[in-house]
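Please keep the sequence and the model at hand while reading.

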Amino acid sequence: MVVCDAEIANWNHYLTCVLLLVVFCFSFGSPVNNRECGVSGALNRRQPRNVSSLEQGRIINGKESPKGAWPWQVSLQLLHPKFGFIGHWCGGVLIDPQWILTAAHCIHNDIFNLPLAILWTAVLGEWDRDVEENTEIRVPIEKVFVHERFHNFQHDIALLKLSQTSRPVRNRIQTICLPEKATVLSSSSASCVATGWGHASHSGSLTSKLLEARIPLQDNSVCRSKYGNSVPIRAGHLCAGHLDGSTGTCVGDSGGPLQCSMMDGRWYLAGITSFGSGCAKPGYPDVYTRLSFYLPWIKDKLNQQ
């Protein structure tokens, strides 16, 4: 610990002491900033309310999330150059005051390829898309980075830079924690939840309120056996979901977070919703983009900016 005597007469000694304090803060980080990521804003609790009851919930016909439970959840809205304003198109997740992660296929897919920042808007602090609650912040996108090797749900990840710094100063807007390289997630040690505004039923429409569902992690071999050669399952994928069809993501959930609560009480981003068999098809878990695999790519992009 650095200690400064208030009665220091030697000015040079005083400046040296101040410099040491600055170096100390930058070396070890601000305690306030370190506490910000991965903390749920619901009821001032780090865990969402009744997390154990989520096991039977599902995004399809699922449970409404408590307001503020997932303060890093983002709604990505699209202004299509031909069809006009579409509104919510995909989910996203705030990993930094200026950066959002989403799925690459939200930007580049069979319908369009629109890596044009001017067409995208991020809505932070959203919960009920049909009601203006004065908690929402709409921020234009400044830059879009789709993974250079994205193809057929391989490397299904994209970074969006916000056009202005939106500091997470409200309970409704916080960043999620990114996993450390050594973080190991297993079905026995992690409690994971998927969230989104996707379709509430196979033939339904997008939901207005943010839904949540507890998602068990599976070994990648499970998804590899189910999806075969249609989409080769590799190290950058994360297999997760119930095999009985009781839980699953659907259209509109893509790009949203699969978040896991770890031993320190914080929520860490384990995956990004990528693809599945449709919407909770029995026997077929969903596939997410594995965040720990793409940490070098993420850090490289952020450092370049």
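A residue is called buried when its relative accessible area is under 20%, exposed when it is over 50%, and partly exposed in between, using a 1.4 Å probe and protein chains only. By that rule Cys223 is buried, because its relative accessible area is 0%. The model is predicted: local features need pLDDT of at least 70, side-chain atom pairs count only at pLDDT 80 or more, and totals for chains, interfaces and linings use all residues. Residues are numbered from 1 along each chain as its sequence is written, and side-chain values use heavy atoms, with hydrogens and water left out.

**The chain as a whole**

- The protein chain holds five helices and 13 strands; these are DSSP runs, numbered from the N terminus, with helices being H or I of at least four residues and strands being E of at least two.
- Of the 305 residues in the protein chain, 49% are buried.
- Contact means heavy atoms within 4.5 Å. Among contacts in the protein chain between residues at least 6 apart in sequence, 68% join residues at least 24 apart.
- The protein chain has an accessible surface of about 14,800 Å², and carbon and sulfur atoms account for 53% of that surface; such areas come from the Shrake-Rupley method with a 1.4 Å probe, and for residues only the protein chains shown count as cover.

- Six strands form a closed barrel in the order 2-3-4-7-6-5, with antiparallel pairing. From one strand to the next, the twist averages 40°.
- Two strands are said to pair if DSSP finds at least two bridges between them. Strand 6 (residues 137-146) and strand 7 (residues 158-162) run antiparallel and are joined by five bridges.
- Within this pair of strands, Val146 stands opposite Ala158 in strand 7.
- Helix 5 (residues 295-304) packs on the sheet and touches strand 3 (84-96), strand 4 (99-102), strand 6 and strand 7. The direction of helix 5 makes about 30° with that of strand 7; axes are lines fitted to C-alpha atoms, for helices over the stretch in contact, and angles run from 0 to 180 degrees between N-to-C directions.

**Strand 12 and its partners**

- Strand 12 (residues 267-275) has nine of its nine residues buried, so the rest of the structure largely encloses it.
- Strand 11 (residues 257-261) pairs with strand 12 in the antiparallel sense over five bridges, and Pro257 stands opposite Ile272 in strand 12.
- The hairpin of strand 11 and strand 12 has five residues between the strands, and Gly265 there takes a positive phi near 85°.
- Strand 12 also runs antiparallel to strand 13 (residues 286-290), with four bridges joining them. Here Gly271 stands opposite Arg290 in strand 13.

**The surroundings of His105**

- His105 has its place in helix 3 (residues 104-107), and it counts as buried because its relative accessibility is 13%.
- The side chain of His105 makes a polar contact with the side chain of Asp156 at 2.7 Å. A polar contact is a pair of N or O atoms within 3.5 Å; within protein, one must be able to donate a hydrogen and the other to accept it, and residues adjacent in sequence count only if both atoms are side-chain atoms.
- Neighbours within four places in sequence aside, His105 is in contact with Phe150, Phe153, Asp156, Ser254, Thr273 and Ser274.

**Disulfides**

- A search of the whole structure finds four disulfides, a disulfide being a pair of cysteine sulfur atoms within 2.5 Å.
- Cys37 is joined to Cys177, with an S to S distance of 2.0 Å. The pair links distant parts of the chain, 140 residues apart: Cys37 is in the loop between helix 2 (31-36) and strand 1 (63-64), and Cys177 is in the loop between strand 7 and strand 8 (191-196).
- The link of Cys37 and Cys177 is right-handed, with 85° about the S-S bond.
- Cys90 and Cys106 form a disulfide with sulfur atoms 2.1 Å apart, and this link of Cys90 and Cys106 is left-handed, with -90° about the S-S bond. Cys90 lies in strand 3 and Cys106 in helix 3, so the pair ties together parts 16 residues apart in sequence.
- Both Cys90 and Cys106 are buried.
- Cys223 is joined to Cys239 (S to S 2.0 Å), in a right-handed link with 80° about the S-S bond. Because Cys223 lies in helix 4 (residues 220-227) and Cys239 in strand 10 (residues 237-240), the pair ties together parts that are 16 residues apart in sequence.
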